[in-house]
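The structure is shown first.

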Amino acid sequence: MEEKTSWTAADAVDYKGSSADKSITGGWVTATLILGIEICERLSTMGIAVNLVTYLVGTMHLPSSTSANIVTDFLGTSFLLCLLGGFLADSFLGRYKTIAIFASIQTLGTAALAISVKLPQLRPPHCDITAANNNCKQANKFQMGILYLALYIIALGTGGLKSSVSGFGTDQFDEKDDREKAQMAYFFNRFFFFISTGTLIAVTVLVYIQDQVDRSWAYGICSISMFMAILVFLLGTKRYRYKKSTGSPIVQIFQVIVAAIRKRKTTLPFNIALLYENYPEASRTGHTDQFRFLDKAAIVAEEDSQRNEPAGSVPNPWNLCSVTRVEEVKMMVKLLPIWATTIIFWTTYAQMMTFSVEQASTMERSIGKFQIPAGSLTVFFVLAILITLAVNDRLIMPVWKKWKGQPGFTDLQRIAIGLVLSTLGMAAAALTERKRLSVAKEMITMSAGSLPIGVFLLIPQFFLVGSGEAFIYTGQLDFFITQSPKGMKTMSTGLFLSTLALGFFFSSFLVSIVKRATGSKDGQGWLADNINYGRLDCFYGLLSFLSVINFVAYLVCARWYKPRKPTKPSDGSSAEERC
């Protein structure tokens with residue numbers, strides 16, 4: 001019996017529902033099949049997002065602000081739908097089915113997008129949008145409706161897929177096996193590498209195909225590659241390890257809130273040992289004094305005692321929750337101030353995908369006879385991330401360890417560094433745009449053709465925000481995972497991804513407000529229909545100002561946030577495991 005147990009993975013089953021045999025399930029082979037799905041997801045999402053604004057402005061003849069909002073709304077929806085995908089995976093479908101279903105949805109979406117950009121009936125007549133006095137006809141509602149349909153099918157697929165890929169990959173390793181636990185750490189490194197690889201291919205090869213060959217071909221490649229990745233993924237069905245669903249953490253959080261509201265008039269007992277607890281002592285989370293209102297969910301009222309008279313009965317969690325469950329919710333609530341003050345970073349990040357690409361499209365991009373696609377400037381994001389991580393790992397961390405005696409920056413310090421770098425990036429963007437506008441105004445006519453100013457002036461803003469992403473992405477991810485309850489890791493990952501979604505949505509909101517406040521009837525203002533006639537530098541300056549205010553708020557929240565120092569119950573029970 002002991003020999004059989006040693007060859008089975010803990011808490012995992014095979015495709016038949018039997019205990020998963022380590023010799024024939026899981027491990028690196030199956031994890032690699034899952035990583036193939038991730039690289040194709042990055043290829044599709046980034047290949048579409050980084051160059052979509054040039055299509056909307058140049059082909060669909062939309063104003064620059066409208067085009068920017070379409071891109072940020074698309075990306076925001078993609079990340080927000082990760083919460084839906086996570087909920088479905090945890091509560092109903094499981095990660096395997098969620099990946100297969102939503103990857104198929106994304107494949108259909110990219111195929112629909114390829115068709116929509118190919119058919120001439122789905123776009124307005126060709127027109128030179130850069131001409132000073134153009135009468136270009138904008139895309140009509142039907143044409144935009146087809147484009148929106150394709151984009152949001154892709155967003156649905158991306159959200160559902162992204163929520164489960166990393167989790168299903170880690171399911172292939174047994175955390176209780178030291179050898180496989182080491183392999184899991186290596187898997188996370190490979191996972192990040194595959195994300196970077198997919199992004200690099202997207203912003204170089206795919207963007208070049210879109211601009212120089214045919215946009216529909218590029219989107220078709222995305223659809224075909226994802227279809228092939230799904231087939232490869234399905235080949236591993238009999239080799240995967242599956243973990244049973246334990247229910248959605250969102251439901252558990254609402255249970256605590258509802259139970260606390262129902263007992264809002266009940267007085268808390270002086271002795272916290274009288275609060276309800278049904279977890280084994282080894283896995284309990286000790287009581288803390290923050291957010292005492294939620295403690296009322298664990299008060300054992302008279303009606304609760306009457307309901308639980310039969311021996312072994314389980315209380316209704318909507319009426320009575322354990323102290324451990326309440327403390328887990330408190331841990332999630334404590335994350336919210338840090339969560340809120342990181343949203344602005346992704347708003348600045350969104351500008352690199354939209355207005356910065358449009359800036360590049362107006363500038364001189366030739367190297368000899370080769371013209372760099374405007375969307376490919378985002379390659380400096382990836383380079384900045386890789387360089388920053390390498391410098392941090394090989395230079396900064398060793399020096400920091402000698403100086404402070406710590407292995408590196410804490411999660412909160414990394415987030416702070418990311419916020420500072422993004423603020424500097426927006427300031428650099430404002431200065432660069434002021435220079436670009438001065439060149440544009442010196443020209444007699446701002447007609448077709450590039451401005452006589454090199455596109456490489458945009459590198460500082462791309463590099464600063466990209467370096468900021470390297471710090472804030474890793475800092476956020478580590479913070480939300482390590483500071484959340486063990487049973488709510490998926491929920492905390494979704495909380496992290498929601499900052500990206502809200503950052504993109506806030507960008508759309510801010511663009512709309514600025515457009516309305518500074519615009520005029522002839523399409524001018526800070527965010528003019530043609531950015532050569534606008535004041536994009538002022539918009540970047542506004543983002544820099546908001547980033548400074550946000551950073552001050554973040555410092556206050558980071559100072560308020562303290563590591564868990566739970567109070568021991570008066571009955572002397574042992575302290576809980578640190579998260």
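**Helix packing: α3 and α4**

Helix α3 (residues 64-93) packs against helix α4 (residues 95-118) at an angle of about 130°, and their axes are 8 Å apart. The model is predicted. The chain contains 17 helices and six strands, and buried residues make up 51% of its 579 residues.

- The crossing in which α3 passes α4 is right-handed.
- On the α3 side, the residues that meet α4 are Gly-85, Leu-88, Ala-89 and Leu-93. On the α4 side, Arg-95, Lys-97, Thr-98, Ile-101 and Phe-102 take part.
- Sorted by class, this contact of α3 with α4 has five nonpolar, two polar and two charged residues.

**Helix packing: α11 and α17**

- Helix α11 (residues 343-353) and α17 have axes that come within 10 Å and cross at roughly 160°.
- Because angles over 145 degrees count as roughly antiparallel, α11 is roughly antiparallel to α17.
- The crossing of α11 and α17 is left-handed.
- From α11, Ile-344, Thr-347, Thr-348 and Gln-351 meet α17. Their partners in α17 are Phe-539, Tyr-540, Leu-543, Leu-546, Ser-547 and Asn-550.
- By class, the contact of α11 with α17 has five nonpolar, five polar and no charged residues.
- How many of the 11 residues of α11 are buried? The count is 11 of the 11, so α11 is largely enclosed by the rest of the structure.
- The buried residues of α11 include Phe-345, Trp-346 and Tyr-349, and also Ala-350, Met-352 and Met-353. Ile-344, Thr-347, Thr-348 and Gln-351, which meet α17, are buried as well.

- Of the contacts in the chain with a separation of 6 or more, 81% are between residues 24 or more positions apart.
- Met-226 is part of helix α7 (residues 215-235). Its relative accessibility is 0%, so Met-226 counts as buried.
- Leaving aside neighbours within four places in sequence, Met-226 is in contact with Ile-37, Cys-40, Glu-41, Ala-103, Gln-106, Thr-107 and Leu-161.
- One of these contacts, Gln-106, is 120 residues from Met-226 along the chain, and the C-alpha atoms of the two residues are separated by 8.0 Å.
- Asn-69 lies in helix α3. With 13% relative accessibility, Asn-69 counts as buried, because the cut-off for that class is under 20%.
- Beyond its neighbours within four places in sequence, Asn-69 contacts Ser-507, Ser-508, Val-511 and Ser-512.

**Backbone: positive phi in two loops**

- Most residues other than glycine have a negative phi. His-61 has a positive value, with phi near 60°.
- Where is His-61 found? The residue is in the loop between α2 (28-58) and α3.
- Is His-61 buried or exposed? At 4% relative accessibility, His-61 counts as buried.
- Phe-291 is another residue other than glycine with a positive phi, here near 50°.
- The loop that holds Phe-291 runs between α8 (249-262) and α9 (302-307).
- Phe-291 has 31% relative accessibility and therefore counts as partly exposed.

**Confidence**

- The chain has a mean pLDDT of 83, and 88% of its residues reach 70 or more.
- Confidence in the chain is lowest in helix α1 (residues 2-6), where the mean is 43. It is highest in helix α17 (residues 536-560), at 94.
- Residues 1-5 have a pLDDT below 50, and this stretch has zero contacts in the model beyond near neighbours in sequence.
- Over residues 565-579 the pLDDT also stays under 50, and the model has 28 contacts beyond four places in sequence for this stretch.

Terms used. Residues are numbered from 1 along each chain as its sequence is written. This is a predicted model: local features need pLDDT of at least 70, side-chain atom pairs count only at pLDDT 80 or more; totals for chains, interfaces and linings use all residues. Side-chain values use heavy atoms; hydrogens and water are left out. Axes are lines fitted to C-alpha atoms, for helices over the stretch in contact, and angles run from 0 to 180 degrees between N-to-C directions. Helices (H or I, at least four residues) and strands (E, at least two) are DSSP runs, numbered from the N terminus. A crossing is left-handed if the near helix is turned anticlockwise from the far one by less than a right angle, and right-handed if clockwise. Contact means heavy atoms within 4.5 Å. Ala, Val, Leu, Ile, Met, Phe, Trp, Tyr, Cys and Pro count as nonpolar, Asp, Glu, Lys and Arg as charged, and the others, Gly among them, as polar. Buried means under 20% relative accessible area, exposed over 50%, partly exposed in between (1.4 Å probe, protein chains only). pLDDT is the predictor's confidence in each residue, from 0 to 100. Angles under 35 degrees count as roughly parallel, over 145 as roughly antiparallel, 65 to 115 as roughly perpendicular and the rest as oblique.
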